Amino acid sequence: MGKIVLTGDRPTGRLHLGHLVGSLQNRLLLQDDKSYDEIFIMLADGQALTDNFKNPSFIRNNIIQVLIDYLSIGLDPEKVTFCVQSALPALCELTFYYLNLVTTARLERNPTVKTEIAQKKFDEGLPVGFYTYPISQAADITAFDANVVPVGVDQKPMIEQTREIVQKFNNIYGETLVMPEGIYPKDVKAHRLVGIDGQAKMSKSLNNCIYISESAESLKTKVMSMYTDKDHINITDKGKIEGNVVFTYLDVFCNDNHFNEYLNDYKNLDEMKEHYQRGGLGDVKCKKFLLNILEEKISVYRESRVKWEKKINDIYDIIKSGTDRAIEKTNKTCDKVKKAMKIDYFQDKDTIVKEWENSIGEKARS
Ligand code: TRP
């Protein structure tokens, strides 16, 4: 069997640099890697509704925003199949059966869900749909027969949960589901990119993001307001690198060429860091350097985005044809699952008749 990639995002807002380094860059590599037969990227609107069910138009609008983010960073609809989760009925069916394979105690141990529940403070109590979304995510992954799931490290518990479900299913019903593997950014520094406030990872709800679609103006404002080192008041003061957001981002985004181009006082980041720590290098200079690097990257996405924003008809066709392809793929898996679970009643009249006759025969004999 071929190798298949599946991943997705909740369409709850435009994508940011945390998504870019945490997962999107891996997807760009995969789309050009010939060892994969098919790559699916899913807009997980159903999962987004588990904590936004009162706000469906917000999710509806963000499906297009996120799709344009994908296209503007260079994910190519010729190489990637984009689809909408809620349009794939097989996922609901699979979830229905997988729910039996997971205990409530196991769900409660999921660290990602635990953190999210604490953050989201569900006033009216915890929605069952939210509580069980790791199970529906297992349906997403297995429905595509995915071997590989490129995600950020925050999704590790979801992959583990999926692997447990696959193992349990195959044990009970016979080898049916494909065992998936998560792939995470190679660069450990890119795990959980911190927000511009330096407080926590970049996250829309914390208002500390730099978006892939950020305008030049607001990018400048955000970089210039980044948290650095609260004790670095005068240029001559010694500076700290640890916890300094500007240097954290430089670690992730800067290479030696950038020094040639934008800051030839230093040959590389180590020299620059050394000067900062020794004292004599001001925050503004560091921030301007970072701004140049980020602007170089984001301006390309921004220009591409402007073009896509004018092509809503093409965008509709991309997501519609991708979703049709995904319906076909996931329905096949669902048929396979139902057969393994012996609930494929209306596919197989002969077996049912034979089984019945045998049981009658046994009764007659006994
Ligand atoms: N839970 C993922 C997120 O919050 C989105 C998602 C839904 C997903 N289904 C998926 C990711 C399947 C990978 C595979 O970003």
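The largest pocket of this predicted model holds about 1400 Å³ of space, where a pocket is an open set of points on a 1 Å grid over the protein atoms alone, at which a 1.4 Å probe fits, with protein on both sides within 12 Å along at least five of seven lines. The volume is the space filled by probe spheres set on the points, which are joined across faces, edges and corners. The lining, made of residues with an atom within 4 Å of a point, comprises 50 residues, and His19, Glu116, Asp154, Gln155 and Lys201 lie nearest the centre of the pocket.

The space taken by the ligand is this largest pocket, a molecule being placed in a pocket if more than half of its atoms lie within 2 Å of the grid points. Strand 1 and helix 8 are the elements that give two or more residues to the shell around the ligand, and the largest share, four residues, comes from strand 1. Helices (H or I, at least four residues) and strands (E, at least two) are DSSP runs, numbered from the N terminus.

Of the 14 residues around the ligand, Arg10, Gln47, Gln137, Asp140 and Gln155 come nearest, a residue being counted if one of its heavy atoms lies within 4 Å. Among the polar contacts (pairs of N or O atoms within 3.5 Å), a polar side-chain atom of Gln137 lies 2.8 Å from a nitrogen atom of the ligand, while a side-chain N or O atom of Gln155 is 3.0 Å from a ligand nitrogen atom.

Residues are numbered from 1 along each chain as its sequence is written. Local features need pLDDT of at least 70 and side-chain atom pairs pLDDT 80 or more, whereas totals for chains, interfaces and linings use all residues, and side-chain values use heavy atoms, without hydrogens and water.

Note on methods: Polar contact = N/O pair within 3.5 Å; in protein donor to acceptor, adjacent residues only side chain to side chain.
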